[in-house]
Amino acid sequence: MATIEECRTALEKLSDNMRGADGDVRAAAALDRSVSCRITDLDVTFVGRMTDGRIAVDEVVQGPPKEKAQIRLSMAGDDLVALVDGELNFARAWGSGRVKLEASLVDLFRLRKLL
């Protein structure tokens with residue numbers, strides 16, 4: 001089971017990958033939205049903001065976040081690490097329910113280029 005630090009590192013790596021992307025992926029990462037990533041097996045949520053092609057984690061809260069973010073991810077810690085490392089396909093994980101992504105329809109269309 002991934003630790004909180006391993007999950008934080010994975011989110012930082014995802015942020016770095018988004019920042020270094022080009023073209024359509026870079027444009028999709030240029031959203032300015034509140035973001036939460038709930039790690040179900042650790043019962044924690046990383047809360048922050050996606051802006052300027054990066055994800056900045058502002059805090060880690062126990063359990064679900066108090067406020068609903070505009071973009072919400074939910075998954076096990078091992079799945080987050082595997083996704084970022086390229087070992088888990090997002091579409092398959094999402095289709096099977098291992099990963100949950102909630103956002104507005106417009107944001108989902110833009111985010112699909114990232115994922």
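This is a predicted model: local features need pLDDT of at least 70, side-chain atom pairs count only at pLDDT 80 or more; totals for chains, interfaces and linings use all residues.

Q: Fine. So what share of the 115 residues in the chain is buried?
A: Buried residues account for 39% of them.

Q: How many helices and strands am I looking at?
A: Five helices and five strands. Going along the sequence, the order is α-α-β-β-β-β-α-α-β-α.

Q: What about sequence range in the contacts?
A: Take the contacts between residues at least 6 apart in sequence: 58% of them join residues at least 24 apart.

Q: Let's do helix packing. How do helix 1 and helix 3 cross?
A: Helix 1 covers residues 4–19 and helix 3 covers residues 77–84; their axes come within 9 Å and cross at roughly 30°. Angles under 35 degrees count as roughly parallel, and therefore helix 1 and helix 3 are described as roughly parallel to each other.

Q: Left-handed or right-handed crossing?
A: The crossing of helix 1 and helix 3 is left-handed.

Q: Which residues make that contact?
A: Helix 1 brings Glu6, Cys7, Ala10, Leu11, Lys13, Leu14 and Asn17, while helix 3 brings Gly77, Leu80, Val81 and Val84. By type, the contact between helix 1 and helix 3 has seven nonpolar, two polar and two charged residues.

Q: Is helix 3 mostly covered or mostly open?
A: Mostly covered, with six of its eight residues buried. Those buried residues of helix 3 are Gly77, Asp79, Leu80, Ala82, Leu83 and Val84.

Q: What covers them?
A: The cover over the buried residues of helix 3 includes helix 1, strand 1, strand 4 (71–75) and helix 4 (90–96).

Q: And what comes just after helix 3?
A: Gly86 is there, with a positive phi of about 80°.

Q: Which residue has a positive phi although it is not a glycine?
A: That's Asp43, at about 55°. As background, most residues other than glycine have a negative phi.

Q: Where is Asp43 found?
A: In the loop between strand 1 (33–39) and strand 2 (44–51). Asp43 counts as partly exposed because its relative accessibility is 33%.

Q: New topic: Asp107. Buried or exposed?
A: Asp107 counts as buried, because its relative accessibility is 3%. Its place is in helix 5, which covers residues 105–111.

Q: What is Asp107 in contact with, leaving aside its neighbours within four places in sequence?
A: Asp107 is in contact with Leu31, Arg33 and Ile71.

Q: How many residues apart are Asp107 and Ile71 in sequence?
A: They are 36 residues apart in sequence, while C-alpha to C-alpha they are 7.9 Å apart in space.

Q: Last one, Leu101. Where is it found?
A: Leu101 is found in strand 5, residues 100–102. At 15% relative accessibility, Leu101 counts as buried.

Q: And what's the spacing between Leu101 and Ser74?
A: Leu101 and Ser74 are 27 residues apart in sequence and 6.7 Å apart in space, again C-alpha to C-alpha.

Definitions and conventions:
Residues are numbered from 1 along each chain as its sequence is written. Side-chain values use heavy atoms; hydrogens and water are left out. Helices (H or I, at least four residues) and strands (E, at least two) are DSSP runs, numbered from the N terminus. Buried means under 20% relative accessible area, exposed over 50%, partly exposed in between (1.4 Å probe, protein chains only). Contact means heavy atoms within 4.5 Å. Axes are lines fitted to C-alpha atoms, for helices over the stretch in contact, and angles run from 0 to 180 degrees between N-to-C directions. Angles under 35 degrees count as roughly parallel, over 145 as roughly antiparallel, 65 to 115 as roughly perpendicular and the rest as oblique. A crossing is left-handed if the near helix is turned anticlockwise from the far one by less than a right angle, and right-handed if clockwise. Ala, Val, Leu, Ile, Met, Phe, Trp, Tyr, Cys and Pro count as nonpolar, Asp, Glu, Lys and Arg as charged, and the others, Gly among them, as polar.
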